[in-house]
Amino acid sequence: MSAYEIIDHSYDVVVVGAGGAGLRATLGMTAAGLRTACVTKVFPTRSHTVAAQGGIGAALGNMAEDSWQWHMYDTVKGSDWLGDQDAIEYMCREAVPSVLELEHFGVPFSRTEDGLIYQRPFGGHMRNFGEAPVQRACAAADRTGHAILHTLYQQSLRHDAEFFVEFFALDLIMDAEGVCRGVVAWNLDDGTIHRFNAHLTVLATGGYGRAWFSCTSAHTCTGDGNGMAARAGIPLQDHEFVQFHPTGVYGAGVLITEGARGEGGYLTNSEGERFMERYAPTAKDLASRDVVSRAMTVEIREGRGVGAGGDHIMLHLEHLGPDLLMQRLPGITETAKIFAGVDATRQPIPVLPTVHYNMGGIPTNHMSEVLRPTADDPDAVQPGLMAIGECACASVHGANRLGTNSLLDIVVFGRAAAIKAREDIAPGHPPKPLPADAAEPSLARLDRLRHAGGDLSTACIRDYMQRTMQTDAAVFRTAKTLTEGVAKITDIAASLDRVKVTDSSLIWNSDLVETLELENLLACAKATVVSAEARRESRGAHAHEDFPERDDETWMKHSLAWFGDDGKVTLTYRPVHAWTLTDEIDYIAPKKRVY
């Protein structure tokens with residue numbers, strides 16, 4: 001520790017991450033009078049929430065009759081019955097007040113002629129318990145995440161939240177009693193190390209999409225919170241469930257929102273056929289994302305892909321007309337021009353399923369408290385720690401997330417974290433002092449990587465990991481590919497001992513940052529392939545060709561991936577919550593999932 005300059009801070013709460021989830025929690029906690037630090041590795045408005053396009057789901061009923069019970073049914077069905085129904089009820093019921101709060105905060109939603117929040121149809125969102133599509137996605141054109149993120153940041157500044165920008169969170173601080181006491185972070189600007197001591201630590205670090213070669217995620221989406229939790233002895237839940245978005249721009253992976261199909265866009269194969277009518281007769285192009293992604297992949301596999309290589313599908317928007325595209329999908333029109341080189345008002349856009357979202361993460365309950373399950377108590381709470389957003393697993397998305405429920409997740413559970421913190425923490429009472437050596441394990445790890453002198457570059461190891469995940473943890477999986485994936489990822493993770501970091505400085509050292517991120521990504525990748533190899537069924541986004549049916553009797557349970565000191569992953573399981581919070585809706589029993 002003597003080799004590093006260490007600066008100590010004391011707060012009621014420290015939030016790690018300044019995307020939509022972190023900002024909503026920070027805003028709620030500062031508004032409640034709690035002294036809150038928000039630690040973020042990028043400037044808040046650069047967080048990946050800015051890339052969310054199509055909308056935020058809430059049963060406002062502005063365009064047609066709707067109810068949160070219908071929204072809950074769609075979410076449970078979308079999750080392929082792996083979602084916890086108490087948490088799903090909470091999210092769908094609280095969606096309406098949460099979105100209205102966003103409106104009052106100043107989110108510039110698109111409007112109907114009557115001045116109400118505009119809502120568009122979205123995949124998997126239906127009326128009357130699956131009868132027909134409904135308009136439920138509250139949209140700000142096709143830049144909804146951008147609008148929400150900027151508004152929440154402005155509101156956080158209004159309430160005097162304290163931001164520590166371009167600080168890289170290294171590890172959680174855990175005391176001898178197993179209580180989370182804060183976080184250790186590295187200030188990239190001046191090289192100092194900071195220990196944040198707090199009653200409560202909230203992880204809001206986003207997903208780990210960059211474990212794959214082709215994804216819609218920003219390069220900052222490296223599973224940092226997941227890696228921190230795994231090193232602290234907390235399991236990672238349901239990591240085998242990874243969503244492929246049907247419409248990434250072919251060759252670039254950049255997202256084309258589902259809202260494009262919500263506005264009337266449709267997919268065709270090489271024969272010009274609108275093939276989704278064969279796979280989902282009712283919802284068609286607005287079926288759930290895993291259904292559409294698999295349908296596209298089947299079309300390509302069976303020789304009906306488009307292009308010289310027969311390796312992609314076409315998305316048609318040209319029939320909607322320039323006026324509607326400019327009004328409702330201006331960002332998409334621009335994206336198509338830049339990344340596909342096509343004029344979406346006149347030509348179809350080449351698209352391909354691309355890694356988009358991680359359903360699994362750090363296990364939590366519906367009030368965002370992190371769980372550390374035991375044999376006697378599968379819902380045991382980890383003291384001093386919360387997790388929200390894509391790094392967390394509440395589990396409201398189960399085996400497959402419905403479109404618009406990601407923005408909803410970050411807002412509802414960021415808000416829930418603030419509500420719970422307000423109940424549990426009395427402002428003005430400082431946390432007890434940290435032990436003098438509280439940062440020692442984290443600094444030892446930092447020092448080891450900082451001075452690593454092996455023969456493999458970070459980029460080389462990362463590329464091997466990403467290509468392995470792209471091949472062996474893809475849209476369709478087999479026992480062979482998953483077994484090979486486990487062996488390869490285990491070897492790749494072990495090769496981190498051979499990494500070479502060329503820059504040993506502590507100021508703006510991107511080489512060291514990317515190596516720390518790679519260690520987090522490798523933990524996420526190992527949890528994913530090991531959990532996937534063990535799950536002998538197909539459910540939601542986990543499509544196992546050797547076990548093509550869902551097996552509720554054996555596999556209606558959450559996987560938990562635990563990391564030993566040797567890096568080996570051990571699996572245990574915990575039950576799915578088969579109850580609701582109120583008598584306003586009954587438990588939704590499992591049935592075959594069709595659209």
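Colleague: How many disulfides does a search of the whole structure find?

Modeller: The search finds zero disulfides, a disulfide being a pair of cysteine sulfur atoms within 2.5 Å. Please note that this is a predicted model, in which local features need pLDDT of at least 70 and side-chain atom pairs count only at pLDDT 80 or more, while totals for chains, interfaces and linings use all residues. Residues are numbered from 1 along each chain as its sequence is written, and side-chain values use heavy atoms, with hydrogens and water left out.

Colleague: Is cysteine 391 buried or exposed?

Modeller: Cysteine 391 is buried, at a relative accessible area of 0%. Cysteine 524 is buried too, with a value of 0%. Buried means under 20% relative accessible area, exposed means over 50%, and partly exposed lies in between, using a 1.4 Å probe and protein chains only.

Colleague: Turning to strands, which ones pair with β8?

Modeller: Strand β7 (residues 167-174) pairs with β8 in the antiparallel sense over seven bridges, and strand β9 (residues 193-203) is joined to β8, also antiparallel, by five bridges. Two strands pair if DSSP finds at least two bridges between them. Strands (E, at least two residues) and helices (H or I, at least four) are DSSP runs, numbered from the N terminus.

Colleague: Which residues stand opposite each other there?

Modeller: Phenylalanine 168 has tryptophan 186 in β8 as its bridge partner, and valine 184 is opposite arginine 195 in β9.

Colleague: And what lies between β7 and β8?

Modeller: Five residues separate them in a hairpin, and glycine 178 in the turn has a positive phi of about 85 degrees.

Colleague: How many residues of β8 are buried?

Modeller: Eight of the eight residues of β8 (180-187) are buried.

Colleague: What is the order of the open sheet of three strands?

Modeller: The order is β10-β23-β24, with antiparallel pairing. Strands β10 (236-237) and β24 (569-575) are the edges, each pairing on one side only. Strand β23 (residues 557-563) pairs with β24 over seven bridges, and tryptophan 562 is opposite threonine 570 in β24.

Colleague: What does proline 235 touch?

Modeller: Leaving out residues up to four places away in sequence, proline 235 touches several residues, including Ile362, Leu371, Leu560 and Trp562; contact means heavy atoms within 4.5 Å. Proline 235 is in the loop between α5 (224-231) and β10, and is buried, at 0% relative accessible area.

Colleague: On to helices: at what angle do the axes of α3 and α11 cross?

Modeller: The axes of α3 (residues 85-105) and α11 (residues 405-424) cross at roughly 90 degrees and come within 9 Å. Axes are lines fitted to C-alpha atoms, for helices over the stretch in contact, and angles run from 0 to 180 degrees between N-to-C directions. The two helices are therefore roughly perpendicular; under 35 degrees counts as roughly parallel, over 145 as roughly antiparallel, 65 to 115 as roughly perpendicular and the rest as oblique.

Colleague: Which residues meet there?

Modeller: Among them are Tyr90, Met91 and Leu102 in α3, and Leu408, Phe413 and Ile419 in α11.
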